[in-house]
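Hello,

Here is the structure you asked for. My notes follow below it.

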Amino acid sequence: MKINSQLFEGRYLQISAIDPDQDPQVEVNWTYDLDYSQEIMPDGPAHPLTLFEMKKQYEEWQKGAEEKRDQFNFGFHLREDDRLIGFMRVHWVSWTNGDAFLQINIGEPEMQTKYGAEAMRLALNYLFQELNVFRVGMTVPEYNLEKKSLCEGAGFVLEVNRKQACYREGRLWDRYLYGLLRSEFLNGLAEEEK
Amino acid sequence: MNTLNFKGQLVRLAVTDLETDTRLMIQWSKDSEFDRLLDTEPAYLRTHKQDKEWLQDHLKEMCTFMIHTLADDRTIGFIDLSGFNWAAGDASVGIGLGERVYWGQGYGTDAMRIILRYAFEELNLRRVSLTVFEYNPRGIRSYEKAGFKIEGRARQAVNRAGQRWDIIFMGILRSEWEAAQVVS
């Protein structure tokens, strides 16, 4: 990557700052899709969020970004019409260990299919080439095949299988932890350039 | 009815005393090896106020016990359950023995057995999770003795003392725990 390459601009997507007045309302509507709300709250039961809860969550992320500087919350917008389609969230960066925990949350399934890979690529570029982390981790529930292939397509390695750690639609599912190391990310880039 | 009395073979679990136990925790955290076994945060010397506030803030969301020896009622460490996912029936356990002379003698394993019984028979959990650093083989052995199995490892996720280390993820399902109770 060149020093003048744009970090926030992809072919179809633009990474933008959060609009605290509008974005929470858009996202609240997405949380009726429990696959989505489970994604944004991986450690708890999936449930739709009120606007009040969502705004509070945004404020916490903002606080993490401003005070502790270990959280990042950006929006993915379509370049053609500036429509918000999802978020890139770094829930924490452990600066001493160079370890980050990432989520790519895309609101509508068809948008995820179309633009998930580009969203992932932009997020990883930012993490490895600007935040300079050594490792990125992501969790994926067993039933979310699309997310699973998104991770694997980006070069993530399945590291942990937490058995029966997730409950959805009347049954227990495993929860996977994926990891991508800096060296693996850079090798992947080199392969593409060949 | 009262099979769980928070007593094992070597230790009992007691609720925390904010004042005296905070003092102990601060004493223990001067031991940087203890700190480095606990979590990924940089070892840090906290004030009494910071530690007490932390405990107060977390009492609600966590279930924290101090570990006392049965022989002479000495407080030697802590054990807690946190990160409850009530839909999946999952929680994480954390344990630390601050008094080093008790390391490697079964005190931690005993405390773990008590809290697992509490987790499965009273809290109705379906699994209990933990993470441990690869530079803590004594911990891993203890958790295996208590019935935990390795579920994988976050590769090179920790950078300490000039080296990268894995974080090992372990878990125990209630079915596995129950099977082990029948055998013993």
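**Helix packing in chain A**

Pro24(A), Gln25(A), Glu27(A) and Val28(A) of H1(A) meet Leu51(A), Met54(A), Lys55(A) and Tyr58(A) of H3(A). Contact here requires that the C-beta atoms of two residues, placed from the backbone, lie within 7 Å. Helices (H or I, at least four residues) and strands (E, at least two) are DSSP runs, numbered from the N terminus. By class, the contact of H1(A) with H3(A) has 5 nonpolar, 1 polar and 2 charged residues. Ala, Val, Leu, Ile, Met, Phe, Trp, Tyr, Cys and Pro count as nonpolar, Asp, Glu, Lys and Arg as charged, and the others, Gly among them, as polar.

Please note that this is a predicted model, in which local features need pLDDT of at least 70 and side-chain atom pairs count only at pLDDT 80 or more, while totals for chains, interfaces and linings use all residues. Residues are numbered from 1 along each chain as its sequence is written, and chains are lettered from A and ligands numbered from 1 in the order in which they are written.

H1(A) covers residues 23-30 and H3(A) residues 51-68; they pack at an angle of about 125 degrees, with their axes 9 Å apart. Axes are lines fitted to C-alpha atoms, for helices over the stretch in contact, and angles run from 0 to 180 degrees between N-to-C directions. H1(A) is therefore oblique to H3(A) (under 35 degrees is roughly parallel, over 145 roughly antiparallel, 65 to 115 roughly perpendicular, the rest oblique).

**Trp61(A)**

H3 of chain A also holds Trp61(A). With 19 other C-beta atoms within 10 Å, Trp61(A) is partly exposed (20 or more would be buried, 12 or fewer exposed, with C-beta atoms placed from the backbone). Leaving aside neighbours within four places in sequence, Trp61(A) is in contact with Gln71(A) and Asn73(A). His91(A) is 30 residues from Trp61(A) along the chain, and their C-alpha atoms are separated by 8.1 Å.

**Strands in chain B**

S2(B), residues 63-69, pairs in the antiparallel sense with S1(B), residues 11-15, over 5 bridges; pairing needs at least two bridges found by DSSP. Val11(B) has Thr69(B) as its bridge partner. S2(B) also pairs with S3(B), residues 75-85, in the antiparallel sense over 6 bridges. In the hairpin of S2(B) and S3(B), 5 residues lie between the strands, and Asp73(B) takes a positive phi near 55 degrees.

**Where the chains meet**

23 residues of chain B are in contact with 24 residues of chain A. S6(B) gives the most to the chain B side, with 9 residues.

Regards
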